Each structure stands twice: as structure tokens, then as C-alpha cells.
Amino acid sequence: MELALDISHYRTIDKSYTEYKIDLKRGSETWCVWKRFSQFHSLSKLLKKNYRSKLPMPKKKSFGKLKQQVILARVSSLNKFMTAILKDEKLKSTDEFGEFIELGKPLKGTWRERICTGEVPTPRVYPQTFIHNRHLYVFGGQDPEQNWLTDLYTLSMDEQPTWETVTIEGMDEVGEQKAHTIFSSVGVYAKKCFYYFGCYDEIEHETKTWKIDFANGKGQWCSWEGNKISRRIVSAAFHNEKIILISNFGPGSKSNNDNESEEEIQSRTNSLSLVRGTLENKGISKNRSSISRNSINTTNNPDQINAFVIDLSTKKCKQYSIRGSLLTRNLCSFASLNEYMYIFGGEENEEFSDNLDVLKLGLLEFENINPKNYFEELSRHSSAILAKGMGRSIFLIISGGYAEKNNQTQLDQLMFCFDIHQMKYYRVLANEEGPLIRFGHSIINSSNKDDKILIFGGIHLNNEKKFTYLNDVWEFTFHIK
């Protein structure tokens with residue numbers, strides 16, 4: 001299959017060096033890689049040494065390399081260099097070139113659409129999903145008339161999946177609410193299956209908590225003593241029988257860290273000292289700084305990101321400001337596993353981001369991850385965690401959303417992944433035709449015991465710029481050795 005590439009975008013990092021973006025296309029598959037000029041030079045040397053190539057490649061510059069005219073001249077020369085490789089059948093098939101453009105080592109798998117019967121949910125965007133007892137649960141979302149839904153459906157995960165409506169006593173009290181987060185808590189605390197966080201409308205921004213207990217089929221509002229929860233909750237996770245709510249990535253309320261005693265800080269830090277060590281052993285250095293980050297210091301800046309920690313045993317809520325720095329942005333994705341929450345992409349001032357951050361839940365501290373390679377800047381995408389072999393292989397799966405391509409915003413290829421142990425991005429290739437590309441969908445790991453993820457709902461935008469709301473269910477099985 002013919003490979004095509006183009007170099008037209010670049011970015012200057014920390015006023016120190018420039019990276020050039022290589023957009024690649026092979027059939028229907030598209031991806032991109034970012035490389036420094038020195039990396040192109042290294043590739044040129046390897047090809048010359050190993051294959052006696054005589055490709056055009058400009059010399060390095062010690063001074064003036066960040067000047068606009070130098071960068072633009074390099075864009076032109078690098079395009080000629082890469083095009084020359086593509087025209088040479090021997091060079092373009094070398095391992096050196098394949099590794100340079102990230103052609104090798106993709107994750108592979110198979111798509112399968114689950115043809116479902118029963119009471120199929122209304123097509124919707126931004127649904128909230130979780131897995132419980134081999135069933136997929138879907139809560140809420142927004143329908144094509146832009147009504148926020150509060151219905152609850154369940155889908156069996158057998159070979160003939162069937163949708164059913166779930167009736168919960170007291171559900172009529174919820175009203176029309178925008179769901180922030182819904183997640184399973186089976187086995188975490190008192191066998192309660194999930195908690196719901198929402199706001200009534202875009203004016204009041206009232207945050208409430210709704211709990212459903214599947215043991216008795218009843219739901220009820222929850223109230224917490226202590227600090228009042230923020231009007232904007234963007235994500236949540238369980239940790240040590242506590243719910244940790246993360247407020248919006250923008251102006252926050254005044255920090256309550258001053259109310260935390262030294263004993264409490266030391267106790268919380270000591271109890272999770274192993275978490276810090278585990279993360280650093282994965283190669284995430286405390287001294288690393290983010291790329292092109294306009295970060296906020298959440299300890300000293302009044303515009304900070306807050307965490308609201310709800311202790312389920314005492315029913316008390318306490319507010320903390322999260323330490324570390326994070327690029328302020330919205331429309332990013334969140335995925336949690338054990339002690340960590342991973343935050344990818346989003347946009348700030350209509351600029352797309354490829355930042356990958358981790359929130360250490362026990363320490364309430366942000367840290368940016370600098371991968372060994374870079375992938376697409378994305379917005380309105382979805383992500384999930386796939387863990388294999390008792391955590392020996394952990395992948396952050398990132399699906400769909402919008403990206404900036406060919407000087408225009410368009411829906412991105414469906415899926416790629418970040419290997420958390422290897423600290424590298426990889427493409428995900430399928431041997432079967434998959435679902436429509438989309439945004440605002442749900443992606444979830446179907447079980448901790450297998451290598452499958454499920455995709456439900458979202459919006460597809462066709463070539464005529466028409467929106468189609470979706471309610472299809474697709475299963476992707478990874479071929480992980």
C-alpha cells in the first residue's frame with residue numbers, strides 16, 4: 001500500500017529547538033510523528049552508512065536555527081529529503097526508516113459490531129457508562145433535540161446482547177441533569193454500584209450526588225458534611241474508600257489546604273509514598289517540564305484546580321488544592337486506574353493539545369508526562385485504560401475526537417494508544433472495518449479479564465457537515481501477546 005507524507009507544521013520548544021510534524025497516510029490509515037532536525041540528520045547518517053545513500057540533507061546550524069527563515073527553509077529541505085526516501089524502494093523499506101516514522105509495532109485487533117435487540121437507547125452524545133456483572137450500563141447523555149437525559153439502560157455482554165431499561169425507585173426526582181461522572185463502585189464500599197454527579201442547568205451549576213444501590217433497586221440523593229462541592233466537576237475516581245472529585249480546569253475557589261494539619265498532610269503522604277516511587281520508576285521525572293505549557297501553579301495561584309474528597313465512611317467532604325502544574329484546558333479526556341488518573345488532550349483558546357498528565361490520587365498532585373514520541377493534538381475524544389497481565393502491560397486507549405489536519409479541524413482516526421510502561425504512543429490497527437469516526441462517545445474496558453474495549457454512542461460528522469447521533473455498540477479485541 002502506497003505511503004504518502006507531508007511536512008508543513010512545526011513548533012518551537014522552550015525557545016531551545018524546533019520539532020517538525022510529519023503527517024503520514026497509507027490507505028485509510030493516517031498518523032503523525034514529531035521529529036527534531038537533529039533526528040532527521042541522524043536518519044540521514046544511518047542510511048548513508050548502512051545503505052550508501054546520497055540523499056539531500058542540509059547541514060546543522062549552531063546559530064540562528066530558531067529564525068523563521070531558517071525554519072521555513074528546513075521545512076522545504078526536509079520534505080525533499082523524505083520524498084527522496086519514498087522514491088527509493090530500498091530505502092523506504094528499511095527498518096531505520098520504518099522506526100523513524102513509527103511504522104512498526106502498532107497494536108492490532110479486530111472490530112465487531114454488537115447487533116443488539118430489546119429496548120435500544122435513544123441515540124445520544126456524552127453518555128456515561130460502566131460495567132457491572134458482565135453488563136454494560138448507559139446513563140444519560142444528550143439526545144438529538146439537545147435534551148439532557150436521565151434514563152438508565154443495561155446491555156448483556158453475551159453473544160446475543162439485549163438492551164433493557166433499568167427502573168430505579170426515586171429516579172423521577174433526578175429531573176433533567178447534565179451528568180458529570182458515573183462509575184461503578186462494586187466492592188469498593190458497601191456494594192453501592194455507582195454515584196452520579198450533575199448540574200441542573202447552565203445557569204445554576206448546582207452540583208448534587210445521586211446514589212443507586214442495585215442490591216435493593218433504590219436510589220437517593222446524598223448529602224455530605226464539610227466543604228461544599230464545586231459547581232463544576234469534570235471528573236471523579238475512587239481511592240481508598242473515598243470519592244475524589246476534580247473541579248474544572250480554570251478559576252477555582254480559595255484553597256482549603258490551610259485547614260489541613262501537618263499531621264494530616266504527613267499521614268496522607270506517608271500512606272502513599274509507594275505510589276510516588278512506582279510512578280518515578282516508570283520514568284516520570286519530577287524535574288521534567290511540559291512542552292509549550294502555560295501552566296498554573298495550583299498551590300500558589302488563586303486560579304487553581306481543586307479536589308473534593310468524600311470519605312464514604314464518615315460522609316464528610318473536604319476540599320484541597322491540587323499540587324503541581326497543569327495546562328489549563330477543557331474538552332480533554334480522563335481515565336483512571338488504581339492510584340492514577342490520566343488526562344489527555346483538550347483545547348485552550350481553540351488550540352488543540354497533546355499534553356498527557358497524571359494525577360496521583362493519594363498525593364493530590366499533578367505531573368506531566370513527556371513521552372518518547374508525540375501523537376495528535378485532540379479535543380472531544382474519549383479514553384480508557386486497558387491493563388494486561390496483572391498490570392505488566394498498561395495502555396491508555398484514546399479514541400476519536402477532533403484534530404487539526406491540513407489547516408482545518410476534522411474528526412480524527414478512530415484509535416491509538418499510549419503504553420504507560422514504555423512511555424510511547426502506538427497506532428492501533430484493525431483487520432476488520434470498524435465504526436464511524438465520532439466524538440462525544442463512550443469508550444470503556446469491557447472487563448479486567450480480557451483485552452476488549454467497547455464503544456457506544458457519540459456523534460458522526462459526514463462529508464456534508466451533517467451530524468448523526470449514534471447508539472451503536474462496537475467491540476474491539478486487542479491481539480496482545
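Q: Where is the place of leucine 364?
A: Leucine 364 sits in the loop between strand S25 (356-360) and strand S26 (365-369). Helices (H or I, at least four residues) and strands (E, at least two) are DSSP runs, numbered from the N terminus. This is a predicted model, in which local features need pLDDT of at least 70 and side-chain atom pairs count only at pLDDT 80 or more, while totals for chains, interfaces and linings use all residues. Residues are numbered from 1 along each chain as its sequence is written, and side-chain values use heavy atoms, with hydrogens and water left out.

Q: Why does leucine 364 count as buried?
A: Buried means under 20% relative accessible area, exposed over 50%, and partly exposed in between (1.4 Å probe, protein chains only). Leucine 364 has a relative accessibility of 2%, so it counts as buried. Its phi is positive, about 50 degrees, although leucine 364 is not a glycine.

Q: What makes arginine 380 partly exposed?
A: The relative accessible area of arginine 380 is 28%, and therefore it is called partly exposed. Arginine 380 belongs to the loop between S26 and strand S27 (382-388). Phi of arginine 380 is also positive, near 60 degrees, in a residue other than glycine.

Q: Why is tyrosine 126 called partly exposed, and which residues is it in contact with?
A: Tyrosine 126 has a relative accessible area of 34%, so it is partly exposed. Contact means heavy atoms within 4.5 Å. Leaving aside neighbours within four places in sequence, tyrosine 126 is in contact with Gly141, Trp148, Arg380, Phe439 and Gly440. The loop that holds tyrosine 126 runs between strand S5 (117-118) and strand S6 (128-132).

Q: What makes glycine 324 partly exposed?
A: The value for glycine 324 is a relative accessible area of 27%, which means partly exposed. Glycine 324 lies in the loop between strand S19 (316-321) and strand S20 (325-327). Its C-alpha atom is separated by 4.8 Å from that of phenylalanine 366, 42 residues apart along the chain.

Q: Why is H1 called roughly parallel to H2?
A: Axes are lines fitted to C-alpha atoms, for helices over the stretch in contact, and angles run from 0 to 180 degrees between N-to-C directions. The axes of helix H1 (residues 37-51) and H2 cross at roughly 30 degrees and come within 12 Å. Angles under 35 degrees count as roughly parallel, over 145 as roughly antiparallel, 65 to 115 as roughly perpendicular and the rest as oblique. H1 is therefore roughly parallel to H2.

Q: Which residues of H1 and H2 meet?
A: From H1 come Phe37, Phe40, Leu43, Ser44 and Leu47, and from H2 come Arg74, Leu78, Phe81, Met82 and Ile85.
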